Amino acid sequence: MAQSILESGFPESAGPAASRPRFCMVQIKKLVPETADAASIVLEPAEQDRERFAYRPGQYVTLRAVIDGVAHLRSYSMSSAPVIDRDLKVTVKRVPDGLVSNWILDRLQPGDRIEVMPPIGTFTADETDRPLVAFAGGSGITPIFSILKDVLFRSARTVRLLFANHDRASAIFGSDLDGLAVRHLERLFLQHHSDVDSGFLAPDEIVGFVDEHRDATFYICGPSGFMETVESVLGELGIDESRIRREVFTPSAPLASDDPPRQMDANAVEVTIFLGRDEATVPHRPGSTILQTARFAGLKAPSSCESGTCATCMARVTEGCVTMRNNEALTPEEVADGWVLTCQAEPASPTVRVVYE
């Protein structure tokens, strides 16, 4: 059964590609309403691009939306699972005053085409027999839903999910999850939390939910306050950091100023950046990233989250060395191949050459 679905649908990624294409033009196959303010977008890559869109449950794609002539980048997690679902599907929740989410939900129609970067991300299921315990808040259910479907289908692992929302009506995939809990009665324990009924998720509820399952692998995705509360409790329970997986949807604050570089001394580090047909060589300002250095040079380098989680800013180092402050997107193989997240990368040698491919 799994093999026949896999052959006719999207394959699961076997590992990192040697060179990632930046964007592909993808057609919108259909839009599926999920709640009053969320919908799933079914994407249909061109036949020649289908292998590029092989993915693992929990990964995401980055969309380039051109609105009033200006390009905007946003990353959205897959809610589909490759071995189970025939179509590639991402889920978008409307953000109040959110330019791109509102444009997607209000303007996109079946048959429209949009630029999409092939899947990426490290928030994926570990290959163990450990129980899986997940905490999802709001639209943070999207990658976790993908992972849970895959784990329940392809393994014998037990799964526990605590799903927090403002109310039950706003629970994305609420009825689908209830159905999974019925079909996998012995393996999936689902607990809904409603803020209007019980207030925000409290530490005592988290402790009770974890219960005797402290040997599990833990997955967390949701609003920053929700995630901080869960992580704090898991730390107090003595859960090893290596068994906690996180997916952050909201960007961190900028790590350094984007002001023009100050006068540098004769020993300044020199950074050369290639972006399309543009090339710039500039002195590096201490404390700034490669991405910020590109901006200093007047280059419009791609970026999105600027927290090391989405890989929109990835580029290849062809000369010199860099260090990354954070990396939650690239695999060890990709790093070894020279790829870096420029929003997190700082020079670690006198000269550095970086190519945006």
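In this predicted model, helix H3 (residues 141-154) and helix H4 (residues 174-183) pack at an angle of about 25°, and their axes lie 12 Å apart. H3 is therefore roughly parallel to H4, since angles under 35 degrees count as roughly parallel. The crossing in which H3 passes H4 is left-handed. On the side of H3, the contact is made by Ile141, Phe145, Lys149 and Leu152, while H4 contributes Asp176, Leu177 and Leu180. Sorted by class, the contact of H3 with H4 has 5 nonpolar and 2 charged residues, with no polar ones.

Helix H3 also packs on a sheet. This sheet is open and has 5 strands in the order E9-E8-E7-E10-E11, with parallel pairing. Strand E9 (188-194) and strand E11 (244-247) form the edges, each pairing on one side only. From one strand to the next, the twist averages 10°. Within the sheet, strand E8 (residues 159-165) is joined to E9 by 7 bridges, and the two run parallel. Phenylalanine 163 stands opposite histidine 192 of E9.

| Helix | Strands touched | Angle between directions |
|---|---|---|
| H3 (residues 141-154) | E7, E8, E9 and E10 | about 155° with E7 |
| H7 (residues 224-236) | E7, E8, E10 and E11 | about 160° with E10 |

Of the strands touched by H3, E7 covers 132-137 and E10 covers 217-221.

The loop between H3 and E8 holds arginine 157. Is this residue buried or exposed? Arginine 157 counts as buried because its relative accessibility is 5%, and buried means under 20%. Neighbours within four places in sequence left aside, arginine 157 is in contact with Asp126, Thr128, Asp129, Arg130, Pro131, Leu132, Val151, Arg187 and Thr217.

In general, the strands of a sheet pair through backbone hydrogen bonds, in either a parallel or an antiparallel manner.

How values were computed
Residues numbered from 1 in each chain as written. Predicted model: local features only at pLDDT ≥ 70, side-chain atom pairs only at ≥ 80, totals over all residues. Heavy atoms only, no water. Pairing = 2+ DSSP bridges. Helix = DSSP H or I, 4+ residues; strand = E, 2+ residues; numbered from the N terminus. Axes fitted to C-alpha atoms, helices over the stretch in contact; angles between N-to-C directions. Contact = heavy atoms within 4.5 Å. Buried < 20%, exposed > 50% of the residue type's maximum accessible area, 1.4 Å probe, protein only. Parallel < 35°, antiparallel > 145°, perpendicular 65-115°, else oblique. Left-handed = near helix turned anticlockwise from the far one by under 90°. Nonpolar A, V, L, I, M, F, W, Y, C, P; charged D, E, K, R; others polar.
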